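Hi there,

I'm handing over a structure for you to explore, and my notes on it follow below. Please have the viewer open while you read!

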Amino acid sequence: MTLTATSFDWVRQLVHRESAIVLAPGKEYLVEARLLPIAQKMGLPGVHELVEQVRLRPDLSTNRRIVEALTTNETSWFRDGDPFTALTSTVMPALLAARGPSERLQIWSAACSSGQEPYTIAMLLSDALPGAASRVSITATDLSREMVERTRAGRFSQLEVNRGLPAPMLVRHFTRAGNEWEIAPALRRMVTASECNLAGPLPRLGTFDVVYLRNVLIYFDLRTKQDILRRVRQLMRPDGWLFLGAAETTLGVDDTWERVVVGRSSAYRPVRGA
Amino acid sequence: MRALVIDDSRAMRRIVGGILEGFGYEVVPAGHGREALDVMEGGFVPDLACVDWNMPVMDGLQYVSAVRSNPAWRSVTLMMVTTESEHGQIVKALAAGAHEYVIKPFTADAIRDKLALLGLLPEEVTA
Amino acid sequence: MSAPTGPTTGPSISELLDADVVRSIADDVWLAMVGEDEVLLPLPGPAPEHPLSAWVEVVGPWNGAVVLTCDRATAEELTRCVLRANPPEHVVDEDVEDAFGELANVLGGGVKSLLPGPSALGLPEVGPTPSAAPASDTCRVDAQWRGQSLTISVQGATPASSHTERNEVPL
């Protein structure tokens with residue numbers, strides 16, 4: 001174990017600052033185990049050296065990787081349910097009616113993490129609207145390169161596939177690969193993953209019909225929230241749909257969105273002429 | 001809400017039972033499928049049965065088939081909780097009539113997520 | 001005790017899986033069953049003073065056992081963690097057989113799913129460490145949990161390793 005008390009303390013403060021999660025004393029083993037792979041990937045001998053490096057040369061991307069490695073993975077499939085069922089029950093039929101027969105539909109999963117969200121969307125479309133699925137492109141982005149690589153790989157651990165993924169969908173869309181489960185190649189082809197920092201200028205990712213921006217605005221201050229929503233809107237069709245996290249809203253943040261009830265959830269649509 | 005926890009491992013019965021009790025369930029344990037059927041025939045018809053696969057006397061698959069072939073027990077949701085994790089095994093279980101499938105090892109959150117999918121999570125717990 | 005018999009037929013474990021995949025199975029088991037912040041450090045530790053093992057036998061195209069070994073005190077600590085949803089007031093032998101045995105069972109289940117099928121697991125057992133198998137048919141993972149040594153050994157059945165022979169008192 002290379003982690004010193006000072007290093008541990010620095011990591012604790014970082015995690016608290018970035019995620020509000022408190023790492024109690026006694027979690028040194030956890031920190032050592034979870035950060036060792038990051039240190040090794042960066043060619044460093046141990047966790048102590050990793051911490052020293054980021055203390056001396058602060059690096060947003062590595063900080064995020066450290067925080068992610070230490071905070072419990074909350075990612076589940078179909079998180080909150082309704083924003084996904086709304087896609088097949090209401091949003092997609094509306095879009096299919098509004099668009100021309102050969103137009104591709106574009107969906108953006110804007111904080112895709114390890115890939116559960118974009119593949120949830122892919123599975124749903126493939127099951128509920130198989131004819132339309134071939135016309136849909138799903139763009140998945142995340143701040144973290146590691147998460148983007150995970151999304152590209154489409155492989156999930158036994159623990160991950162236990163989280164909110166209906167068993168019939170597991171067997172329909174996944175096969176075993178070693179100790180993991182791998183998404184079917186056809187669904188993997190529907191998803192294109194890339195790195196993207198929402199808090200900065202956005203690359204021209206596309207013009208999206210549907211955006212899932214879930215549980216990411218909460219990490220930012222009001223000003224940044226507004227910037228992000230404005231930039232996201234610029235990448236959306238005027239009649240597009242935006243889904244936020246269950247506890248999030250544009251109310252009080254950006255009045256150029258109109259909240260609409262879709263099934264048992266809400267979506268936000270650009271206000272015309274705003 | 002009532003649950004049957006069926007597993008030949010006492011540790012597993014305690015673990016699953018503890019999780020379900022934490023969600024507000026009244027839990028009755030059984031050591032194998034035949035024991036579970038006896039409990040049900042005795043009048044305790046659960047909303048949910050969490051059942052292991054490999055057990056003596058009557059295994060989980062046989063139990064699932066027995067429950068699904070009895071119209072009086074149509075309301076019982078059957079969730080297998082087992083180490084059997086091969087693709088073919090899960091397909092077999094679902095074909096026999098299991099509604100859901102949890103692979104061991106599992107976390108309390110995994111059980112919670114599955115129950116939410118099934119509409120079997122008491123409202124107070126969804127927060 | 002007995003003279004070694006002829007070579008075993010069938011694949012050796014090194015053709016079927018490696019230490020990395022066994023580690024990943026163990027990591028999942030620890031996270032889920034021992035506690036969400038519990039980790040296995042991939043480092044060997046000093047041999048346990050009073051070793052205790054839990055194991056399940058595997059029967060199929062490959063025959064052997066998945067053996068979990070640590071100090072008896074570690075096994076008791078693990079038991080307390082595994083039963084945390086419904087903790088016993090005092091951890092007794094029966095609790096250790098249950099919980100420590102169940103850890104081996106779930107580890108065994110994970111390993112079984114990687115083996116050529118159909119394979120079946122025996123019931124978990126807890127007791128003195130079974131004899132080792134030849135290195136060529138053993139996949140061994142050494143780890144530390146909370147600073148204590150822990151070993152997971154996926155080892156082939158040897159003609160000499162039957163229960164009765166282990167308990168036989170030499171004349």
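Let's begin with B:Cys50. Leaving aside residues up to four places away in sequence, B:Cys50 touches B:Ala3, B:Val5, B:Ile6, B:Val16, B:Met79 and B:Val81. Please keep in mind throughout that this is a predicted model.

Next, have a look at helix H2 of chain A, which runs over residues 28-41 and has 14 residues. From its first C-alpha to its last, H2(A) reaches 20 Å, close to the 20 Å expected at 1.5 Å a residue. Where does H2(A) have a kink? You will find it at A:Leu35, shortly before the proline A:Pro37, and the angle is about 35°. A:Leu35 is also one of the buried residues of this helix, and the others are A:Val31, A:Glu32, A:Ala33, A:Leu36 and A:Ala39. Just after H2(A) comes A:Gly43, which takes a positive phi of about 75°.

H2(A) matters for the next topic too, the places where chains meet. Between chains A and C, 11 residues of chain A are in contact with 13 residues of chain C. On the chain A side, the elements that give two or more residues are H2 and helix H9 (158-161). The largest share, four residues, comes from H2(A). Sorted by class, this side of chain A has four nonpolar, five polar and two charged residues.

Chain C meets chain B as well: 17 residues of chain B are in contact with 17 residues of chain C. Here the chain B side is made up of six nonpolar, seven polar and four charged residues.

Now for chain C itself. Its secondary structure comes to five helices and six strands, and along the sequence they follow the pattern α-α-β-β-α-α-β-β-β-β-α. Of the 171 residues of chain C, 42% count as buried. If you take the contacts in chain C between residues at least 6 apart in sequence, 68% of them join residues at least 24 apart.

C:Trp145 sits in strand S5 (residues 138-145) of chain C. Is C:Trp145 buried or exposed? It has 21 C-beta neighbours inside 10 Å, and a residue needs 20 or more to be buried, so C:Trp145 counts as buried. Not counting residues up to four places away in sequence, C:Trp145 touches C:Glu38, C:Leu40 and C:Leu150. As for C:Val91, its C-alpha atom is separated by 19 Å from that of C:Trp145, and the two residues are 54 apart along the chain.

Enjoy looking around, and write back with any questions!

Best wishes

Terms used. Residues numbered from 1 in each chain as written. Chains lettered and ligands numbered in written order. Predicted model: local features only at pLDDT ≥ 70, side-chain atom pairs only at ≥ 80, totals over all residues. Contact = placed C-beta atoms within 7 Å. Nonpolar A, V, L, I, M, F, W, Y, C, P; charged D, E, K, R; others polar. Expected span 1.5 Å × (residues − 1). Bend = angle between axes of the 7 residues up to and from the residue. Buried ≥ 20, exposed ≤ 12 C-beta atoms within 10 Å, placed from the backbone.
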